[in-house]
Amino acid sequence: MKNIDEVLSGVDWEQGLVSPEIHFDEDVYRAESDKVFNKAWLVVGHEDMVPKINDYVTNYMGDVPVVVTRDGRGDVHVLVNRCSHRGNQVCLFDRGNAKGFTCSYHGWSFGLDGQLNGVPMEQALYHGKLDKSALGLETVPKVANFHGLLFASFDPDAPSLESWLGEDVSWWLKNFVLAAPLGGLEMLPGWHRYRSPGNWKLVSENFIGDDYHVFSATHISWLAVMQEFVSKGMDAPMATYPANAQSVYEGAIGGAENAPFGMGMVTVGSDDLFQRDLSEAKTLGTDAVEWIHHRKQRLDEISKDLEGAPYSFMNGGLFPNLGLMGFFSPMIGRQFLMFHPRGAIEHEVWQWNMVEREAPQVVKDLAIQRAHQGQHMAGIVAPDDVENFERMVEAGKPTRNWERPFHYGLQMGQEDEGPAGLHGTMGPNPSEFNQRRFYRFWLQMMERK
């Protein structure tokens with residue numbers, strides 16, 4: 001049996017070779033729970049999920065259940081959802097509004113700041129010796145709000161979020177993910193959740209850079225449906241999904257010292273996608289046309305000091321487990337997906353949708369339909385991905401099949417053959433450069449003592 005160091009030696013990211021063992025081995029899974037998920041900054045939600053005093057929403061950090069709360073003073077907390085008395089979960093609902101949580105086992109009650117407020121029969125049973133100040137819910141020590149996106153880290157010695165992200169990743173997140181200069185994003189209510197076979201890293205690296213599968217095999221059925229609908233004059237939102245542009249690139253942002261952020265199908269230096277959005281806006285009315293012109297002007301202002309003017313990207317991923325989909329056009333709802341590990345060979349997807357806040361309602365309505373008909377389990381994109389992961393798990397469980405590494409050699413040596421003068425590196429699309437960077441950073445975290 002191999003030890004962890006021997007298993008990690010099978011990650012040769014420079015040659016694009018990664019041992020499948022890291023996606024199946026239970027010891028690796030337990031090690032990365034500590035070295036990755038207990039150390040990294042993780043996205044735990046968006047501030048719009050807890051807009052009012054006493055709002056709360058549940059989530060996970062790795063496999064640890066947490067509750068994101070907004071207390072009576074308006075402060076946001078991230079609390080481990082586990083009673084300090086006997087370890088029972090204290091928050092039983094996905095989201096809501098309450099002044100506190102009461103454990104269903106023995107009735108200990110906690111405030112939204114995690115403080116232990118009440119213990120049944122305290123004086124009679126503990127005789128004034130219970131130190132309630134030391135028995136609150138565990139509070140995640142590092143919490144930060146980045147233009148509405150909430151991050152947290154279990155590591156009290158973690159670098160600042162600014163250092164974790166770095167300048168270039170922050171620029172893309174602020175301007176093109178969270179649309180801060182465009183008025184920000186509007187949250188649509190509720191989580192969409194489902195379980196899927198496959199190690200969490202497989203789906204994370206899929207979003208951070210795998211556009212190869214989209215047009216080569218996996219999603220050609222979607223493209224066939226689009227063509228058939230168009231040929232029959234069926235005007236369904238997914239049949240007219242904006243999926244093509246003349247000049248697209250692979251964006252690789254962040255370095256070896258920062259969390260890697262990857263983007264697929266980045267559009268730079270061409271206005272054909274803008275013209276496509278403008279054409280569709282004309283079918284939606286004057287407000288939509290004026291807004292499309294306004295946001296293009298704002299995007300040009302953001303990029304005025306750069307050598308090229310990016311317009312959008314399709315998919316993306318931020319290490320370790322945040323996926324992004326639908327950022328190609330404002331006519332698509334923006335999807336944020338979190339890939340929570342559930343053992344070595346399974347993960348759970350939690351996703352939410354957002355639209356640009358200042359968009360006319362007619363645009364929001366169209367964008368929401370496309371989000372729900374696409375990267376959703378009820379849509380025509382996500383199920384194809386899940387079927388691939390299911391087959392990969394079936395073929396990868398036998399230990400004899402761990403000896404032959406996965407191959408990530410696409411566009412090796414051509415990584416920077418894209419437009420220069422932007423934040424990060426632009427290369428040809430599709431590529432597997434971002435997957436190589438993903439495993440480089442993962443390996444660095446796993447090897448830290």
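Aspartate 300 has a relative accessibility of 34% and therefore counts as partly exposed. In this predicted model, aspartate 300 forms a salt bridge with lysine 296, and the closest N and O atoms are 3.1 Å apart. Both residues belong to helix α9, where they are 4 residues apart, about one turn of the helix.

**Salt bridges**

The count of salt bridges comes to 25. Another of them involves arginine 295, which pairs with glutamate 356 at 2.7 Å between the closest N and O atoms. This pair links distant parts of the chain: arginine 295 is in helix α9 (residues 286-302), glutamate 356 is in strand β21, and 61 residues separate them. Arginine 295 is buried, since its relative accessibility is 4% and the cut-off for buried is under 20%. Glutamate 356 is likewise buried, at 5% relative accessible area.

A further pair is glutamate 387 with arginine 391, whose side chains meet in a salt bridge. These two residues are 4 residues apart in helix α11, so about one helical turn separates them. Glutamate 387 counts as partly exposed because its relative accessibility is 39%. Elsewhere, salt bridges with shared partners join Arg195, Arg342, Glu346 and Glu348 into one network.

| Salt bridge | Closest N to O distance |
|---|---|
| Arginine 295 – glutamate 356 | 2.7 Å |
| Aspartate 300 – lysine 296 | 3.1 Å |

**Helix α11**

Helix α11 covers residues 382-396; at 1.5 Å a residue its 15 residues should span 21 Å, and the end C-alpha atoms are 21 Å apart, so the two values agree. The buried residues of this helix are Ala382, Asp384, Asp385, Val386, Phe389, Val393 and Gly396. They pack against strands β14 (192-197) and β21 (346-356), and against helices α5 (200-209), α6 (212-218) and α7 (220-231). Strand β21 is also where glutamate 356, the partner of arginine 295, is found.

The unreviewed UniProt entry places the feature "domain: Rieske" at residues 41-125. That span is 5% helix and 42% strand, with its end C-alpha atoms 41 Å apart.

An open sheet is formed by 3 strands in the order β8-β9-β10, with antiparallel pairing. β8 (100-102) and β10 (116-118) are the edge strands; each has a single partner strand, so one side of each has no neighbour in the sheet. From one strand to the next, the twist averages 35 degrees. Strand β9 (residues 109-111) is joined to β10 by 2 bridges. Phenylalanine 110 has leucine 116 in β10 as its bridge partner.

Notes:
Residues numbered from 1 in each chain as written. Predicted model: local features only at pLDDT ≥ 70, side-chain atom pairs only at ≥ 80, totals over all residues. Heavy atoms only, no water. UniProt positions renumbered as here; feature names shortened; annotations may be inferred. Pairing = 2+ DSSP bridges. Axes fitted to C-alpha atoms, helices over the stretch in contact; angles between N-to-C directions. Expected span 1.5 Å × (residues − 1). Buried < 20%, exposed > 50% of the residue type's maximum accessible area, 1.4 Å probe, protein only. Contact = heavy atoms within 4.5 Å. Salt bridge = Lys/Arg side-chain N within 4 Å of Asp/Glu carboxyl O.
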